[in-house]
Amino acid sequence: MLQIHLLDINDNAPVVSGSYNIFVQEEEGNVSVTIQAHDNDEPGTNNSRLLFSLLPGPYNHNFSLDPDTGLLRNLGPLDREAIDPALGGRIVLTVLVSDCGEPVLSTKVNVTITVEDINDNLPIFNQSSYNFTVKEEDPGTCSLGQEIGVVKAWDADQMEVNNRISFSLSGSGANYFMIRGLVLGAGWAEGYLRLPPDVSLDYETQPVFNLTVSAENPDPQGSETIVDVHVNVKDVNDNPPTLDAASLRGIRVAENGSQHGQVAVVVASDVDTSAQLEIQLVNILCTKAGVDVGSLCWGWFSVVANGSVYINQSEAIDYEACDLVTLVVRACDLATDPGFQAYSNNGSLLITIEDINDNAPYFLPVDKTFGMPGLAGPPDIINSCSQARDDDSGNNGLILFSILRVDFISKDGATIPFQGIFWISNSSEAGVFTGSIQPVTSLDSTLQGTYQVTVQARDTPSVGLSLEANTTLNLFTVDQSYRSRLQFSIPKAEVGANRQAINEALTRATRTTVYIVDIQDIDSAARARAHSYLDAYFVFPNGSALTLDELSVMIRNDQDSLMQLLQLGLVVLGSQESQESDLSNQLISVIIGLGVTLLLVLVIMTTAFMCVRKSYNRKLRAMKAAKEARKTAAGVMPSVPAIPGTNMYNNERANPMLNLSNKDLGLEYLSSSNDLDYVSINSLDDNSVDVEKNSEKIKEYRPPHTPPEPDPEPLSVVLSRQQAGASGQLEGPSYTNAGLDTTDL
């Protein structure tokens, strides 16, 4: 038997059975597939022995293939995102199946592995953090609000369902902002950070906002990625400056050149970072004791742009003119953005002017008269007070009075110095200091004239030397009996208001210096026609004064002054008490008058009897003388002296008359002599008439300073007549008390 052994040659290529499409989830899915192939060459030979291998490819490194068995496995978790997105997650592996024959034959087969996408990737922001800047007070004009910045994120998942990103905000101040997301595709998304239209930021309140933006997947597990977003608010110069209250606290500056240079600094601040501040002087207020004194102090101080306050005119600062300077200032921000307030509120810097003792006391003109009784009664001392002021304050303006010198000027002009006769008391009210002069001892009432008292006013400063001023007061000494009281139908206040007019009318009527010493209301219980009274002295330059009666006559004689005084309310000269006392005095005077009248009648009757007897004796002597005369020869002149008052010469002191009957006894009621004889006989009786006439002439003489005697017509009648004649009828009380001695007008 012929056995023919055929030798196998490698003429058959391996054959792969089936196709290979594998689906696997990324991360979790595993690939495990065996490539099925066979070779038709003789089994058990090299020609049919198969070997498996992977042809090179981009993703081969992720797999392993058993060369003998053809088992394909993945070496690790598969990542869909590691595959080119264009491949759609498909990995195509080419497996080469070859035999071991000569020559080697092989076959290729593709294994497609589809890696299914799962949401295994978180979004990733394109920056690790974001910094945005936005201007304050600028909400923008867009209806969506002002855009601040954009955040951007990417999700590596390749399926849209897994890479969709949504954004959210959190953090302090997140409620001021909003973020809107926009999908860009291929896993990219943007988040637009905006300010709402009705919101604006304030740099001064919060200059930086630290926000957190979250990028979230729609994964039910809520996985998210966060990023820090810093929003810096850009400062806008939108705030007005403010003045520091502490720098506006009041300061004190001494007057009259005591201080120089800088005395204060006004401080301002502005919360804006770009502020350029300067201090401006708006106004200056000058006041003295709370009263505006105008622009008096405007040049005393100045304020420069940096807020420094300087003294401009140190020597011009005067406490007496202005004691408080108010500088009204404000701050201005030169860099303020348009549309915003550039000025602060006005502030006031109070500068109190401190007083120094730079003013001497000065005496005030005294428009009224001060009266003071002597220690032992009359005389009164008139014009016995001085008043002074000092424009300085505190102890610098405190005045003490002292008496430097006292001289007495008598009526004849002689000057007599006195020491220790007066002392002066000090008092003050409302800044006016009064020095009241009072006698140490009772004054000599026999001295008539003027005391010239030199008074010194001296201030008492706490520091430095005191300043002083002197004045001379003329003190009149007038007996209190010359004090006259004038009563008025108007109250005290109205009399005081009319004081000057009353003084002028009285001065014009009396030609004296009128010293008004007191004005008071009359007690309502004692009030009759008058409501008030005025006490005054009416003094001549030589020191003499008018009595009340003399005053009444002089007022009545000056009709113009009288009418003016009546219009000013004068109703009575004298006091109510004096009128009541006059009634009792009148009654006493009547009783005394009756007694005196009876005494005078007795004296007259006695005198008449003695005169008749004397006349009878004289006539008897005349008859005897006539008889002797007839015995004398006519024309013969005896050697004896002539009898005075006769034309006869004898030794019997006769007084013969012609044609006298020798037998006539010369009695008036029996005498037969003619009228001529009667006149001659009683010629010596006429001497008494001459004496009376001479006495009347003497009574009519009065010194130049003595007022005239009262007119017999009562002043009340004259006043009534004046009142009746003024405009037909003048309203006023009727005056019934007549006679100047009662002093009732």
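**Exercise 1. Leu78 and its surroundings**

Leaving aside neighbours within four places in sequence, which residues is Leu78 in contact with?

Solution. 
- The model is a predicted one.
- Leu78 sits in the loop that joins strand S7 (71–74) to strand S8 (90–99).
- With neighbours up to four places away set aside, the contacts of Leu78 are Val24, Glu26, Glu27, Val31, Asn62, Phe63, Ile113 and Val115.
- Take Glu26 from that list. Glu26 and Leu78 are separated by 52 residues in sequence, but their C-alpha atoms are 4.9 Å apart in space.

**Exercise 2. Helices H4 and H5**

Describe how helix H4 is placed against helix H5, and list the residues through which they meet.

Solution. 
- Two packed helices are described by the angle between their axes and the distance between the axes.
- H4 covers residues 548–557 and H5 covers residues 559–567. Their axes come within 5 Å and cross at roughly 105 degrees.
- An angle of 65 to 115 degrees counts as roughly perpendicular, so H4 is roughly perpendicular to H5.
- On the H4 side the meeting residues are Ile555, Arg556 and Asn557; on the H5 side they are Gln559, Leu562 and Leu565.
- In H4, 7 of the 10 residues are buried, and the helix is mostly covered. The buried residues are Glu550, Leu551, Ser552, Val553, Met554, Ile555 and Arg556.

**Exercise 3. A nonpolar surface patch**

Which residues form a nonpolar patch on the surface together with Ile588, and how much accessible area do they have together?

Solution. 
- Ile588 belongs to helix H6, which covers residues 576–630.
- The patch consists of Ile588, Ile592, Val596, Leu600 and Ile604. Their accessible area together is about 470 Å².
- An α-helix has 3.6 residues a turn, so residues three or four places apart point the same way.
- Ile588 has a relative accessible area of 48% and is partly exposed. A patch residue needs over 30%, so Ile588 clears that cut-off.

**Exercise 4. The chain as a whole**

How many helices and strands are there in the chain, and what share of the residues is buried?

Solution. 
- The chain has 9 helices and 41 strands.
- Of its 745 residues, 39% are buried.
- Among contacts with a separation of 6 or more, 69% are between residues 24 or more positions apart.
- The accessible surface is about 41000 Å², and carbon and sulfur atoms account for 53% of that surface.

How values were computed. Residues are numbered from 1 along each chain as its sequence is written. This is a predicted model: local features need pLDDT of at least 70, side-chain atom pairs count only at pLDDT 80 or more; totals for chains, interfaces and linings use all residues. Side-chain values use heavy atoms; hydrogens and water are left out. Patches are made of residues with over 30% relative accessible area and no salt bridge: like charges are joined within 9 Å, nonpolar side chains (Val, Leu, Ile, Met, Phe, Trp, Tyr) within 5 Å. Accessible areas come from the Shrake-Rupley method with a 1.4 Å probe; for residues, only the protein chains shown count as cover. A salt bridge is a side-chain nitrogen of Lys or Arg within 4 Å of a carboxyl oxygen of Asp or Glu. Helices (H or I, at least four residues) and strands (E, at least two) are DSSP runs, numbered from the N terminus. Buried means under 20% relative accessible area, exposed over 50%, partly exposed in between (1.4 Å probe, protein chains only). Axes are lines fitted to C-alpha atoms, for helices over the stretch in contact, and angles run from 0 to 180 degrees between N-to-C directions. Angles under 35 degrees count as roughly parallel, over 145 as roughly antiparallel, 65 to 115 as roughly perpendicular and the rest as oblique. Contact means heavy atoms within 4.5 Å.
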